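Biologist: Before we discuss the pockets and domains, please put the model on the screen.
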Amino acid sequence: MISHLRGAVSAAGPTWVVLDLSGFGLRVTCPPATAATARIGSQLELETSLVVREDSLTLHGFGSAADRDAFELVQTASGVGPKLAMAMLSVLDADQLGAAIAGEDSAALCRVPGIGKKGAAKLILELKDKAPLISAGGAGTTPVAASGEPWREQVGEGLIGLGWSARDAEKAVDSVAGMRQDDPDVTIGVLMRAALRSLAK
């Protein structure tokens, strides 16, 4: 099991990064907020979960062990695979996810693409006893660049990577621009989750 990686970023996209480990490149699927922190040539540290299928080996990476553990835990619920689990950790961090399940907050879970009211109720029923195992994490804590507006591109590409249209992504980015103005140090993760919430309304 590959549970932790640290290496230089050789390539990156809205929902993935490639880490160079002494000349060996590993592609890792990440939540948009985590992928947005990647800078070509810079070092990146990820907590990972290896998903093994008959025809593939896929590494999923997170900015914190808590988010990685939450990703693995939610897959113990029936009908939840890696794709839906990744969508959940793209909208809610481990702390928010645990709170939503423990507090039976189906509205919060319904913000996740692919989860409706019935699905949220089923998740709560199956995972409520495990909610205390989902603890606060640190994914998406890298601040947005202080100058220019690269955050717009990062958030927009992340939303498109999750399946939203470019038009919807642009509207969602505009909807969170005020957060950036009010707090120049707001993180990409916070902006991404706020944008996703606006799209779920």
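**Pockets, domains and loops**

Modeller: Domain 1 (4-62) and domain 3 (150-200) each contribute residues to the lining of the second largest pocket, so this pocket lies between them. The model is a predicted one.

Biologist: What volume does the second largest pocket have?
Modeller: Its lining consists of Ala12, Gly13, Pro14, Pro32, Ala35, Ala36, Ala38, Arg39, Glu153, Gln154, Glu157 and Gly158. By residue class that lining divides into six nonpolar, three polar and three charged. The volume of the second largest pocket is about 210 Å³.

Biologist: Which element gives the largest share of the lining of the second largest pocket?
Modeller: At least two lining residues come from each of strand 1 (4-13), helix 1 (32-35) and helix 7 (150-161). The largest share is four residues, and the element that supplies them is helix 7.

Biologist: Is Gln154 buried or exposed?
Modeller: Gln154 sits in helix 7. Leaving aside residues up to four places away in sequence, Gln154 touches Ala36, Arg39, Ile188 and Met192. A residue counts as buried under 20% relative accessible area. Gln154 has a relative accessible area of 15%, so it is buried.

Biologist: How far apart in space are Gln154 and Ile124?
Modeller: In sequence, Gln154 and Ile124 are 30 residues apart. In space, taken C-alpha to C-alpha, the separation of Gln154 and Ile124 is 31 Å.

Biologist: Which domains each give at least three residues to the lining of the largest pocket?
Modeller: The largest pocket holds about 330 Å³ of space. It is lined by 15 residues, and those closest to its centre are Pro82, Lys83, Leu84, Met86 and Ala87. The lining divides into eight nonpolar, five polar and two charged residues. The domains that each give at least three residues are domain 1 (4-62) and domain 2 (65-136).

Biologist: Which element supplies the largest share of the lining of the largest pocket?
Modeller: Strand 4 (43-53), strand 5 (56-62) and helix 3 (82-91) each provide at least two residues of this lining. The largest share amounts to five residues, and its source is helix 3.

Biologist: How many residues of domain 3 are in contact with domain 2?
Modeller: The domain assignment lists domain 1 (4-62), domain 2 (65-136) and domain 3 (150-200). Between the C-alpha centres of domain 2 and domain 3 the distance is 21 Å. On the domain 2 side, nine residues take part in the contact; on the domain 3 side, the number is seven.

Biologist: What radius of gyration does the protein have, and why does it agree with a compact globule?
Modeller: The C-alpha trace spans about 45 × 40 × 30 Å along its principal axes. For 201 residues, a compact globule would have a radius of gyration near 17 Å. The protein agrees with that because its own radius of gyration is 16 Å.

Biologist: What percentage of contacts between residues at least 6 apart in sequence join residues at least 24 apart?
Modeller: The protein has ten helices and five strands. Of its 201 residues, 46% count as buried. Among contacts between residues at least 6 apart in sequence, the share joining residues at least 24 apart is 58%.

Biologist: Is Ser22 buried or exposed?
Modeller: Ser22 lies in the loop between strand 2 (16-21) and strand 3 (24-29). Its phi is near 55°, a positive value in a residue other than glycine. The cut-off for exposed is over 50% relative accessible area. Ser22 has 83% relative accessibility, so it counts as exposed.

Biologist: Which accessibility class does Glu104 fall into, and at what relative accessible area?
Modeller: Glu104 is found in the loop between helix 4 (94-102) and helix 5 (106-109). Although Glu104 is not a glycine, its phi is positive, about 55°. Partly exposed covers values between the buried limit of under 20% and the exposed limit of over 50%. The relative accessible area of Glu104 is 46%, so its class is partly exposed.

Key:
Residues numbered from 1 in each chain as written. Predicted model: local features only at pLDDT ≥ 70, side-chain atom pairs only at ≥ 80, totals over all residues. Heavy atoms only, no water. 1 Å grid on protein atoms, 1.4 Å probe; cavity = no way out; pocket = protein on both sides within 12 Å on 5 of 7 lines; lining within 4 Å. Points joined across faces, edges and corners; volume = space filled by probe spheres on them. Nonpolar A, V, L, I, M, F, W, Y, C, P; charged D, E, K, R; others polar. Domains from an automatic or database assignment. Buried < 20%, exposed > 50% of the residue type's maximum accessible area, 1.4 Å probe, protein only. Contact = heavy atoms within 4.5 Å. Rg over C-alpha atoms; globule rule 2.2 N^0.38 Å.
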